[in-house]
Amino acid sequence: MANTSTPDSSRRSERSRRAIFDAALALVGEVGYDKLTIEGIASRAGVGKQTIYRWWPSKAAVLLDAFTATVDDYDTKGLPDTGDLAADLKFVLRATADEFNDPAFQAPYRALAAAGANDEELSRTFVARLSEPGTRLYVDRLRAAQETGEVGADIDVRIAAEMLLSPFSQRWLMRTGELTYDFVDTLVDQVLRGLRPRG
C-alpha cells in the first residue's frame, strides 16, 4: 500500500533554515557584510527569497541567528572552579582568544558588531543572546572567589568582570594588538592585583 502521509513540513523547514544559516556564514566570510544580500543568501541556500523574508526582517537578523546557532550553549556549570582563580580565568580567556582568532568566527562576529553600531535593536539582541550570558559566568565565578576570600569583599564583581572582558574585546574589535596567551595572562594578573583583599 502506498504511503500517503504528508511530508514532514517541520523537517523541511529545519533543512531550509540550516541551509540559510550555512549560506549566510559562508557568504559574509567571502564578500563581507556590506555586500551580503538576502538574494545572495537565498541563491546559495537554494531557497526562495520570500522564504527568508518570512522568517527574518533583514540580513542582520539572519546573520545573528546563524551565528548564535553555531555558538555552543553556555555550560550551566559555569566557569571552572579549581580553587585557583587566576588559573581558571587564564584557561577560559585563552580558549576565548583561540575562538576569536578563528577566521570562521571573526567574519560574522565583526559583521554583527558593525551592524549593531547603527541598529539599536540588533545591538540589544546581540548583547542579550551572546554578550550578557558570558559576562554573567564571569560574575558568578568572581562572586564565588569573593566568598572564599580570593576577591575583596568590597569589590563590585560586575565591574570586575567588565575589567577583564572589555580590554579583551577592545583589542580585538579595534585591532590594537594581537590576542595572545601572553596578553591574556598579563590582563588576568593585573586585574586580579586590584581585586585582592587589602590588609
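Visitor: What makes residues 37–56 a helical span, and how far apart are its end C-alpha atoms?

Guide: In this predicted model, the span of residues 37–56 is 75% helix and 0% strand, and its end C-alpha atoms lie 13 Å apart. UniProt, in an unreviewed entry, places the feature "DNA-binding region" at these residues, 37–56, and such annotations may be inferred rather than shown by experiment.

Visitor: Why is Lys49 called partly exposed?

Guide: Buried means under 20% relative accessible area and exposed means over 50%; Lys49 has 36% relative accessibility, so it counts as partly exposed. Lys49 is found in helix α3, which covers residues 49–55.

Visitor: How do you know that Lys49 touches Ile38?

Guide: Contact means heavy atoms within 4.5 Å, and, leaving aside residues up to four places away in sequence, Lys49 touches Ile38, Glu39 and Ala42. The C-alpha atoms of Lys49 and Ile38 are separated by 6.7 Å, although the two residues are eleven apart along the chain.

Visitor: What makes a set of residues the largest nonpolar core, and which residues have the most contacts inside it?

Guide: A nonpolar core is a set of buried residues of kinds such as Ala, Leu and Phe, joined through side-chain atoms within 4.5 Å, and the largest one here has 61 residues. Those with the most contacts inside this core are Ile41, Ile52, Leu89, Tyr138, Leu142 and Phe168. Among the elements that give two or more residues to the core are α1 (9–31), α2 (38–45) and α7 (120–147), and α7 gives the most, with eight residues.

Visitor: Why is this core said to lie between domain 1 and domain 2?

Guide: Domain 1 (1–59) and domain 2 (78–195) both give residues to the core, so it lies between them. As for Ile41, its contacts, not counting residues up to four places away in sequence, include Ile20, Leu27, Ile52 and Val62.

Visitor: How many salt bridges are counted between domain 1 and domain 2?

Guide: The count between domain 1 and domain 2 is zero.

Technical notes:
Residues numbered from 1 in each chain as written. Predicted model: local features only at pLDDT ≥ 70, side-chain atom pairs only at ≥ 80, totals over all residues. Heavy atoms only, no water. Helix = DSSP H or I, 4+ residues; strand = E, 2+ residues; numbered from the N terminus. Buried < 20%, exposed > 50% of the residue type's maximum accessible area, 1.4 Å probe, protein only. Domains from an automatic or database assignment. Salt bridge = Lys/Arg side-chain N within 4 Å of Asp/Glu carboxyl O.
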